[in-house]
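Start with the view below.

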Amino acid sequence: MLNKLLDHPLFQAIAPYQSFKETPLGFMDIGARGGVHPLVEPLAGVTAILGFEPDAEECVRMRQELGTNSPWAVWDVEPCALAGNSGAATLYRFHTPANDSLRPANQKMVDRYNVKTLAPIGTLPLQTTTLDEVIWQRRVQESFWGEFIKIDTQSTEYEVFQGSLRTLSDRTVALFVEVEFLQMYQDQKLFSEVEIFLRQYGFSCYGFHSLHHRSCKQLDKTQQAGRERTWWADAVFFKDPLAGNSWSKPISERETYVLFSCAMLLGYYDFALELALKTWATGAEAERVKELVFSYGTVSPETTVNEVKDLSQKVQAHPELANIITGHFVDRRRGNSDYDDVILSYLDKI
């Protein structure tokens, strides 16, 4: 929801708000086709947006869209392709433009899982650059770019990070990264390699914002249920400065405020509260942060009761689709808290 966190009175009463009013949160959307990712919409009014998109026509469309009643504090679009180095490259085009990549498709895997969106339609020559070149040469006067990065470049995320070493070391504290568990593009790096690389720069993988699976679709999901192969996910990485993690450098006030706000945006409320209470928030500020986190993260039992009633009505109306309807209900809540640590306390009430 647009500016939901920004407009919260308790957020406006704590230090991160004042920091962002002076200098906006620097969010970069690498692979911005279709528009800015909604991740940062709850802080739109104090967020600076820098999108990257190699398709010139899409850049024009995005600039026209952003130029009309933009909700962002600052915005711009870089019409370039990022990579591990600067030079000539080839953009491989596919049936679905969002799947265009600097790598050709792994045709054997495409055929195995019948991924029609990866049907090739041609190639386009282009020039690549690095994120460090953009941040530390073209935009060196703007000190906020790259604090929070979302990246989805269809198989070249690892290489983009290789061209972002200074940004990762000196500026970024939160990452939202599309990662793959099987090679849909030729020779692409998979999640394990991306995680090991980012760990060297102090990032801890906190989890997956979404998980997507693939199979040969031989079962009818209205009648049968089974596990499928994990295909891709959006992985969340934080530079967690607290005990037991790989980032050992001192954390600045600004980095703390950015990290706290990114944790709030991504739903890691417990971590956001822990971070605040162990760094800057003391006394009255600590009480305001606690109240904000508890308020923002609240899901009333009444809301859940109504959602379950709605689920029941849908299943009763379409019993033949009970597996699909219930599965979708679970999918939308899969990323919420685990309850196995508290269920024993409530078993006698269930």
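## Overall build

This is a predicted model. The chain has 13 helices and 10 strands. Its radius of gyration is 22 Å, close to the 20 Å that the globule rule gives for 350 residues, so the chain is as compact as a globular protein of that length. Along the principal axes, the C-alpha trace spans about 65 × 55 × 45 Å.

## Burial, contacts and surface

How much of the chain counts as buried? The share is 45% of the 350 residues.

The accessible surface of the chain comes to about 18200 Å². Carbon and sulfur atoms account for 51% of that area.

## The cavity

Rolling a probe the size of a water molecule over the atoms shows where empty space is left. Here the count comes to 1 cavity of 30 Å³ or more. The largest cavity has a volume of about 40 Å³.

Which residues line the largest cavity? They are Ser-155, Glu-157, Tyr-158, Glu-159, Glu-178, Val-179, Glu-180, Lys-189 and Val-194. Helix H5 (157-162) supplies at least two residues of this lining, and so does strand S8 (174-180).

By residue class, the lining of the largest cavity divides into 3 nonpolar, 1 polar and 5 charged. Glu-157, Glu-159, Glu-178, Glu-180 and Lys-189 make up the charged group.

Note on methods: Residues numbered from 1 in each chain as written. Predicted model: local features only at pLDDT ≥ 70, side-chain atom pairs only at ≥ 80, totals over all residues. Heavy atoms only, no water. 1 Å grid on protein atoms, 1.4 Å probe; cavity = no way out; pocket = protein on both sides within 12 Å on 5 of 7 lines; lining within 4 Å. Points joined across faces, edges and corners; volume = space filled by probe spheres on them. Helix = DSSP H or I, 4+ residues; strand = E, 2+ residues; numbered from the N terminus. Rg over C-alpha atoms; globule rule 2.2 N^0.38 Å. Buried < 20%, exposed > 50% of the residue type's maximum accessible area, 1.4 Å probe, protein only. Areas by Shrake-Rupley, 256 points an atom, 1.4 Å probe, with all protein chains shown as cover.
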